[in-house]
Amino acid sequence: MKTNTLVYGELKNLGREIAKTIDAANDNKLQSKERAANDSKLQDDEQSFQDSKPCVSIAIITDQNVAALYLNACVESLEDQGFHVFCKVIPPGEESKNGEVYLSILESMAKDGITRTDGIVALGGGVVGDLAGFVAATYMRGIKVYQVPTSLLAMVDSSIGGKTGIDLDAGKNLAGAFHMPSLVYQDFGTLSTLPEEELINGMAEIIKYGVLAGGEFYELLTPDEDGNIDLERLIRMSAEYKMDIVSRDAKDMGERQLLNLGHTFGHAIEKLSNYEIKHGFAVAKGLALIADLSGRHGWCSEETRDSIVGTLDIWGYDLSIPCDMNEMLDAIAVDKKRKADYIDLVVPTVIGNCELKRMSMEELYKCLL
């Protein structure tokens, strides 16, 4: 499975980058066909013809908040490159990541005549990226998606790696698919319109990467004496860290599972709060909880535990757990990371190293209580 192409630039150049991505893909197909023809293996059927056609229409999926800020610029950029543009604007928030909204977008795209050779631009944060990616993965059995994250959380995590999905009543992201974006296009300028809360929301994922990577990455999480950090550098380091792992384990069968650090508990906390606690804040709670468990059970030293919790404290996270552990276990029982009667927890051993610890639900129950 091909992994993401990551490009940094300004939204005004989005259309040009998508056009370049399409041209490059068509050139590769042409070269493949020429090689096949030379080997007398060219199958000139209808499917190969359809796959070689250029993308001519783009459906932009975004939410109302992002649309007010950036939709016009994106539409203009795409139309300047000759694309026909259709816009699907949804209400903001996790509540939109559901089956009803998902199906309504599919129906709308079909009425607009979007074809298999067209594409989707996911313009927004994690909710938009997950939803639009799932639409792209399933519409006509799969069309191209171009991720254009506008939140810190989406830039460092959800736009990268091809995980897409929607929530079910039973839990988060329980319906989904792996569908790699043809392009991830990041404009750091969009961060200037984010409220402080959204920046802190995204920092939790960056802290997670720092715990996994250790070394200089982890050290950069602590602001300097003037209270500053190099946010753009941290974004690039986070994105590159994830892309490197995804390149080796695209389908989440091994190493990529380490990226779930803090997420088993975090997703449960999100669900139990009816998603009033945002993803990053829930992950921070989950990261603190697994660090505490690791320290108590000897999976890591007290120094490692205190360092992780201390870093989260520096950023002002509320690390209290707003539910009892029985509720937590009930939510974890339907987590998509559960396999049969066990789950693989990501536990920190030292800063810069985490391991998968397999335990039964009964063992997890005993650890938590």
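Guide: Start with the term cavity: on a 1 Å grid over the protein atoms alone, it is a set of points where a 1.4 Å probe fits but cannot get out, and lining residues have an atom within 4 Å of a point. Grid points are joined across faces, edges and corners, and a volume is the space filled by probe spheres set on the points. This is a predicted model, with pLDDT of at least 70 needed for local features and 80 or more for side-chain atom pairs, while totals for chains, interfaces and linings use all residues. Residues are numbered from 1 along each chain as its sequence is written, and side-chain values use heavy atoms, without hydrogens and water.

Visitor: How many cavities of 30 Å³ or more are there?
Guide: There are 4. The largest cavity holds about 100 Å³ of space.

Visitor: What makes up the lining of the largest cavity, by class?
Guide: The lining has 4 nonpolar, 2 polar and 4 charged residues. Ala, Val, Leu, Ile, Met, Phe, Trp, Tyr, Cys and Pro count as nonpolar, Asp, Glu, Lys and Arg as charged, and the others, Gly among them, as polar. The lining includes Gly171, His267 and Asp335. β7 (171-178) and α10 (263-272) each supply at least two of its residues. Here helices (H or I, at least four residues) and strands (E, at least two) are DSSP runs, numbered from the N terminus.

Visitor: What is the strand order in the open sheet of 6 strands?
Guide: The order is β1-β8-β5-β4-β2-β3, with parallel pairing. β1 (6-8) and β3 (84-90) are the edge strands, each pairing on one side only. Inside, β2 (residues 57-63) and β4 (residues 119-124) share 5 bridges. Ile60 has Val121 in β4 as its bridge partner.

Visitor: Why is the pair of Phe281 and Tyr317 called edge-to-face?
Guide: Rings of Phe, Tyr and Trp (its six-membered ring) pair if their centres lie within 6.5 Å; planes under 30 degrees apart count as stacked, over 60 as edge-to-face and the rest as tilted. The count comes to 4 aromatic pairs. For Phe281 and Tyr317 the centres are 5.8 Å apart and the planes stand at 70°, so the pair is edge-to-face.

Conventions
1 Å grid on protein atoms, 1.4 Å probe; cavity = no way out; pocket = protein on both sides within 12 Å on 5 of 7 lines; lining within 4 Å. Pairing = 2+ DSSP bridges.
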